[in-house]
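Welcome! Please take a moment with the sequence and the 3D view before reading the notes below.

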Amino acid sequence: MEVEVDVIEFRVPIENNKTLFVWNIQSTFSDAFIYESIWNIFCNFGPLYLVKVCPNAAGVEPGFYALVKYFSAAQASKAQKATHGRCFFQSSPLKVKLSTKQYPNFLHYSKPLSRSKCQDLANHYLGFNGWSTHIVTLKDISNCDDAGRLSTTTGDPQEITLKYGCIMDVTFPQHGLSCRGVGVAEETVEGTGPDVVLPKRGKLQRWARDKAVVDAFEKVLLLVLGNGKVVVECRVERDDVLQDEDLKGLIKVNDIPWSQFDPDGQEENEDIPWDLSVNM
């Protein structure tokens, strides 16, 4: 007997079979009321990535239409069958179909989710205690590469480039798995006073942490079985299996020697996708 498996990725859903087109929405309601009503109806079938409500084009009968995006194709299909032709909050029935919009080939590669969307999706399928994050390292790398150099242009205010790197582990204790992510945040600041630099440092640290969490979740797949059980799989890269203490001396980031870092810090440059460059 075959077991149905729905694969959930921590990426922006763009596939047609995950997107519903809802129309024949009456014009007697406000945008906010329609948005809330549509969300409340369709979230019963699974977590939603997006609900968007738009007025009908000029020259068409007054009214609204909506786009509903799921993370799951199976849930989108189930929602379409259950809602098409039903009235719900209005006197006339809604029309619901799977989207037929075609994307150019260069747009087929979807973007990663934001940190908040990753958290919402993980909480829905795994629960608040089903996953956790741990900072492996968070370090100021402003003095590495070209960062941290002051502007020498005559008449211009001093500028300094601040840069932070973070390595984060996302752990799934009930499944005995973890994934490692890397994030780098950088910004050029005019002025070098503490009132300018300190707030920027705090912001860049948060950005680096957020990017590292997103990078880790990109390696995670949730396999939702027909009986409701959720299995976690991690796309582990070769470098992810290295122990922290084994990384020293093996890693190069844009040809910066590891000696510039302390033994407890493992940083990464965002120009290098995914993970670490290992010299064997």
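In which strand is the place of Asp6? Asp6 lies in strand β1, where strands (E, at least two residues) and helices (H or I, at least four residues) are DSSP runs numbered from the N terminus. This is a predicted model, in which local features need pLDDT of at least 70 and side-chain atom pairs count only at pLDDT 80 or more, while totals for chains, interfaces and linings use all residues. Residues are numbered from 1 along each chain as its sequence is written, and side-chain values use heavy atoms, leaving out hydrogens and water.

**Asp6**
- Asp6 is buried (under 20% relative accessible area; exposed is over 50%, partly exposed in between, with a 1.4 Å probe and protein chains only).
- Asp6 has no salt bridge (a side-chain nitrogen of Lys or Arg within 4 Å of a carboxyl oxygen of Asp or Glu).
- The nearest side chain of opposite charge to Asp6 is Lys18, 6.8 Å away; Lys and Arg count as positive, Asp and Glu as negative, and His and the chain ends are not counted.
- Leaving aside residues up to four places away in sequence, Asp6 touches residues including Ser72, Gln75 and Leu222 (contact means heavy atoms within 4.5 Å).

**Helix α3**
- The twelve residues of α3 (residues 115–126) should span 16 Å at 1.5 Å a residue, and its end C-alpha atoms are 16 Å apart, which agrees; the expected span is 1.5 Å times one less than the number of residues.
- Among the buried residues of α3 are Leu121 and Tyr125.
- Gly127 follows α3 and has a positive phi, near 85°.

**Cysteines**
- Cys118 counts as buried because its relative accessibility is 1%, whereas Cys87, at 30%, counts as partly exposed.
- The disulfide count is zero (a pair of cysteine sulfur atoms within 2.5 Å).
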